[in-house]
Amino acid sequence: MTIRLSGCSISLVVLTVLAAHSEPQEISWSDLREERLVECFDFLNDYLSNPGCMPRDLSDRMLSMQIAECVPGNSKLEGDLVRIAGYAHPLEFEFKNVKSFLLIPPLSQSCRHPTAPLPDQVITVEYPEGVDITADPVWVTGKLIIRQTQSELAPSIYWIEASEVISANIPNVTASE
């Protein structure tokens, strides 16, 4: 009788652990920037400050390699099943049945041409089922991988093959600050 009870207890523990790992971890945009290099803080602050809200030009692209070195991505999240809310931006000028897009946090509304988010604040999303993109935020669920990608819109450090993309509410998307 004791052996059977122990076996049931072990099975229950194993099932509990498996269930915990199958649920996505809800993360925020600040979680994605946890491992920014301290020696880069001044450089990144200078890049993000936009005196007079001047539009950025092609020189930003030349800085992208230095920026990528300063924002390596949060290695603690590598391979985790995550859920994050943000705004979807298609890579092509298509808004119906979009299978690849960038997910970004809210941008500063103080400028007409806000500074592009840093690469650790951009997630390249592949969603084989396709989604219709609107101006409303979405929740994206999938396995987070650190993989540098470059698109015409912005470089990104993270990549997700999404298992789910659903509508979110604006309060679900916390600013990247």
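A nonpolar core is a set of buried Ala, Val, Leu, Ile, Met, Phe, Trp, Tyr and Cys residues joined through side-chain atoms within 4.5 Å. In this predicted model, the largest such core has 39 residues. Leu32, Phe101, Leu103, Ile123, Val140, Leu144 and Val165 have the most contacts inside this core. At least two core residues come from each of α2 (29-32), α3 (41-48), α4 (59-70), β2 (81-90), β3, β4, β5 (138-150) and β6 (155-167).

Leu144 is one of the residues with the most contacts inside the core. Apart from neighbours within four places in sequence, Leu144 is in contact with Ile27, Leu32, Leu77, Glu78, Gly79, Asp80, Val82, Tyr158, Trp159 and Ile160.

**The loop between β3 and β4**

Asp120 is placed in the loop that runs between β3 (98-104) and β4 (123-131). Is Asp120 buried or exposed? Its relative accessibility is 1%, so Asp120 counts as buried, the cut-off being under 20%. The Asp120 side chain has a polar contact of 2.7 Å with the side chain of Arg36. Setting aside neighbours within four places in sequence, the contacts of Asp120 are Leu32, Arg33, Arg36, Val71, Ile157 and Tyr158.

Pro105 belongs to the loop between β3 and β4. With a relative accessible area of 1%, Pro105 is buried. From Pro105 to Ile123 the separation is 18 residues in sequence, and the C-alpha to C-alpha distance is 9.6 Å.

**Aromatic rings and charges**

One aromatic pair is found in a search of the whole structure. Phe93 and Phe95 make up this pair, which is edge-to-face, with 5.5 Å centre to centre and 80 degrees between the planes. Edge-to-face applies here because the planes are over 60 degrees apart. Phe93 is exposed, at a relative accessible area of 73%, and Phe95 is partly exposed, at 37% relative accessibility.

| Charged end | Ring | Distance from ring centre |
|---|---|---|
| Arg83 | Trp139 | 3.8 Å |
| Arg147 | Trp159 | 4.0 Å |

Trp159, the ring under the charged end of Arg147, is also among the contacts of Leu144.

**Confidence**

The protein has a mean pLDDT of 82, and 75% of its residues reach 70 or more. Residues 8-20 have pLDDT below 50, and this stretch makes zero contacts in the model beyond near neighbours in sequence.

Note on methods:
Residues numbered from 1 in each chain as written. Heavy atoms only, no water. Helix = DSSP H or I, 4+ residues; strand = E, 2+ residues; numbered from the N terminus. Buried < 20%, exposed > 50% of the residue type's maximum accessible area, 1.4 Å probe, protein only. Polar contact = N/O pair within 3.5 Å; in protein donor to acceptor, adjacent residues only side chain to side chain. Contact = heavy atoms within 4.5 Å. pLDDT = per-residue confidence, 0-100. Phe/Tyr/Trp six-rings, centres within 6.5 Å; stacked < 30°, edge-to-face > 60°. Lys NZ or Arg CZ within 6 Å of the ring centre and 35° of its normal.
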